Amino acid sequence: MTNNDIDPSHLQATIDDDDEDGARTRVPDKASDKRKRRDTEDGSRQKHKKERGTISRQRAKDFDIIIGQALIEWGRYNTNFQTSGTEGESELNDFLQELERISEFAETGATAARLLSSLRKNYSPIDILMTIQSKLPDLPKDDVILLTDAKCLENVLSRPFRVPLLHRTTTDRFCLGSRMDFSIHDLLVHLEKAYLNAKSSVSVYDYSIQDPSKRTRETTVNELLSYFRSDNSHNVGLNFLDIENRTGIRFCPSQIILQDITTILEARNQPDIGKTRSEWKAEPLKEFFLLSGENAISPIHVDKGGANTWILILEGRKIWYFPRHVTAQTVRWLAYAGSQYLEGYEDGWVKVELRPGDLLIMPPTFPHAVFTPESCLAVGSQFYTAGNLSHSIEGLKLQEDYPDISNEGLDDSVYRTLGKVLREYGTIATSVNKAHIISNCSLFPDPPAPTELNKFSKTSLIDILKSRGVTFSSGATKNELLQLSSQGERTPRETFLEAIQSFREQFKFGE
Ligand SMILES: O=C(O)CCC(=O)C(=O)O
Ligand SMILES: [Fe+2]
């Protein structure tokens, strides 16, 4: 047996030989009075047995109290509200009721770690081991990774993660966002000043509309202002999920900016601090506000482009639901079953309650549904990390294959960013990182070599030219089309496919 192997039966024997204080029971040694000694021994054994019983009962009670204290405190909320009865609303309302019925609040392995450390104050390591042994099957697994502080966030982001990260702000745990003193009122004042005169439009998710693909409609800042400023309680929770943060205030936790792979590559490309000669210019992380009316519901979807998403609550609350076990297969199931169907998810659904100051970070292409029990302002954005890059590539392909899984379409910036990252990342990736990325890169086809273009049909050439936005006369011959195709500028997606191809070529077996 090595030092790392602990034999539970051995521990049991050791502890049974000792009294609960860890001191061996001493019996008076008087050779002249064996009987008395036996009596004393019997009495003392009985006494200790009784004491042991009381102490282990007490220990079990203490343990339960500590478990109770270590569990995350989740607030109450109400999902039974009046709807105005349109078909879209009642459908989504039924969806929410079902989601509530089947989902459980997230549990975490950190609970077990906290339990251990609180037990250490009162019990010996052996006591703890014995108790943990019997409770092991009941100890929570990680539905989320609970973050304790900024250092912890930095560590977790530097590795791959497959479950959401959650940081809860409490009196002794500060918010990880760079600030949180910005309310719904502040946003309305800003929007009124910045946009109203320009009659700017914003998109709103309106679930009173029955066809899910038509629920995102354009509206004006004016409608947004009057919706949030009227005192009447609303039947329909409107959801403004796409308000670009142009306040000049940045909320993103600095650990996210520092672990964002575009930030890292940009810094590497600029050894002379202060000079901006580099070709590489990352697009700065754009932040978006999510402004949601009370009782807004978002059905199941993934966020776009295989990116990680962070979200910080500034005011109000949200209930965030997700499958307990997510793989590419889960996402394909979502594509098949649709955004309002909850069965078929392995290990069911879990939820977290998000309060002001709380930060949630989801890994790439992670299905989720959201309920807003009280009007809420949140801010967030998307980013790529080295640890999750192979999953991002897989997620991007999933969204290409099943566009309906996301509430936002793919845009050129996704391909541009990932293409640039792949071109640069090979120089710093470990061989394991490279292997993971390459194996998912093979989900994408190789871009056509210019010499192979002549094998393409006329229709395929027309498609290529159209995707590049190249204009040509309707009567163009195949040769003319060929010439245009081999000369023209590539689309961001084509450039991304080329980046994938050259990433693969960097990796030579045996080197
Ligand atoms: O807050 C909501 O209702 C949904 C937010 C969300 O998941 C998104 O905008 O992608
Ligand atoms: Fe989302």
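**Notebook: a first walk through the model**

I began with the ligand, and strand 12 turned out to give the most to the shell around ligand 1, with three residues. A reminder to myself before going on: this is a predicted model.

**Entry: around ligand 1**

I listed the residues that surround ligand 1. They are Asn239, Leu241, Leu290, Ser292, Ala296, Ser298, Asp303, Lys318, His368, Val370, Thr372 and Asn407. Next I looked up which elements give two or more residues to this shell, and I found strand 6 (239–244), strand 7 (288–292), strand 8 (296–301) and strand 12 (368–383). I also sorted the shell by class: six residues are polar, four are nonpolar and two are charged.

**Entry: the chain as a whole**

I then stepped back to the whole protein chain. I counted 17 helices and 12 strands in it. The chain has 511 residues, and 30% of them count as buried. I also checked how far apart in sequence the contacting residues are. Among contacts with a separation of 6 or more, 81% join residues 24 or more positions apart.

I turned to the backbone angles, with a general point in mind: most residues other than glycine have a negative phi. I found asparagine 295 in the loop between strand 7 and strand 8. Is asparagine 295 buried or exposed? I found 27 other C-beta atoms within 10 Å of asparagine 295, so it is buried.

Threonine 365 was my next stop. Its phi is positive too, near 50°, and threonine 365 is likewise a residue other than glycine. I located threonine 365 in the loop between strand 11 (359–362) and strand 12. With 28 C-beta neighbours inside 10 Å, threonine 365 counts as buried, because the cut-off is 20 or more.

I moved to an earlier part of the chain. Threonine 86 lies in the loop between helix 2 (34–70) and helix 3. I noted 15 other C-beta atoms within 10 Å of threonine 86, so this residue is partly exposed. Which residues does threonine 86 contact, leaving aside its neighbours within four places in sequence? I found Ser208 and Gln210. Serine 208 is 122 residues away from threonine 86 along the chain, but their C-alpha atoms are separated by 6.1 Å.

Glutamine 97 sits in helix 3 (residues 87–102). I counted 12 other C-beta atoms within 10 Å of glutamine 97, and a residue with 12 or fewer is exposed, so glutamine 97 is exposed. I also looked up its separation from threonine 79, which is 18 residues away along the chain: the two C-alpha atoms are 7.1 Å apart.

I took helix 7 (residues 184–195) and helix 8 (residues 221–229) as my opening pair; their axes come within 10 Å and cross at roughly 150°. An angle over 145 degrees counts as roughly antiparallel, so helix 7 is roughly antiparallel to helix 8. The crossing is left-handed. Helix 7 brings Ile184, Leu188, Leu191, Glu192 and Tyr195 to the contact, and helix 8 brings Val221, Leu224, Leu225, Phe228 and Arg229. I sorted these into eight nonpolar, no polar and two charged residues.

Helix 10 (residues 261–268) and helix 13 (residues 412–425) came next, with an angle of about 50° and axes 10 Å apart. That angle makes helix 10 oblique to helix 13. I noted a left-handed crossing for helix 10 and helix 13. Their contact is made by Ile261, Thr262 and Leu265 of helix 10 together with Thr417, Val421, Glu424 and Tyr425 of helix 13. By class I found four nonpolar, two polar and one charged.

I finished with helix 14 (residues 431–441) and helix 17 (residues 492–506), which pack at an angle of about 135° with their axes 10 Å apart. Helix 14 is therefore oblique to helix 17. This crossing, of helix 14 and helix 17, is left-handed. I wrote down Ile437, Ile438 and Cys441 on helix 14, and Ile500, Phe503 and Arg504 on helix 17, as the residues that make the contact. Five of these residues are nonpolar, none is polar and one is charged.

Definitions and conventions: Residues numbered from 1 in each chain as written. Chains lettered and ligands numbered in written order. Predicted model: local features only at pLDDT ≥ 70, side-chain atom pairs only at ≥ 80, totals over all residues. Near = placed C-beta within 6 Å. Helix = DSSP H or I, 4+ residues; strand = E, 2+ residues; numbered from the N terminus. Nonpolar A, V, L, I, M, F, W, Y, C, P; charged D, E, K, R; others polar. Axes fitted to C-alpha atoms, helices over the stretch in contact; angles between N-to-C directions. Parallel < 35°, antiparallel > 145°, perpendicular 65-115°, else oblique. Left-handed = near helix turned anticlockwise from the far one by under 90°. Contact = placed C-beta atoms within 7 Å.
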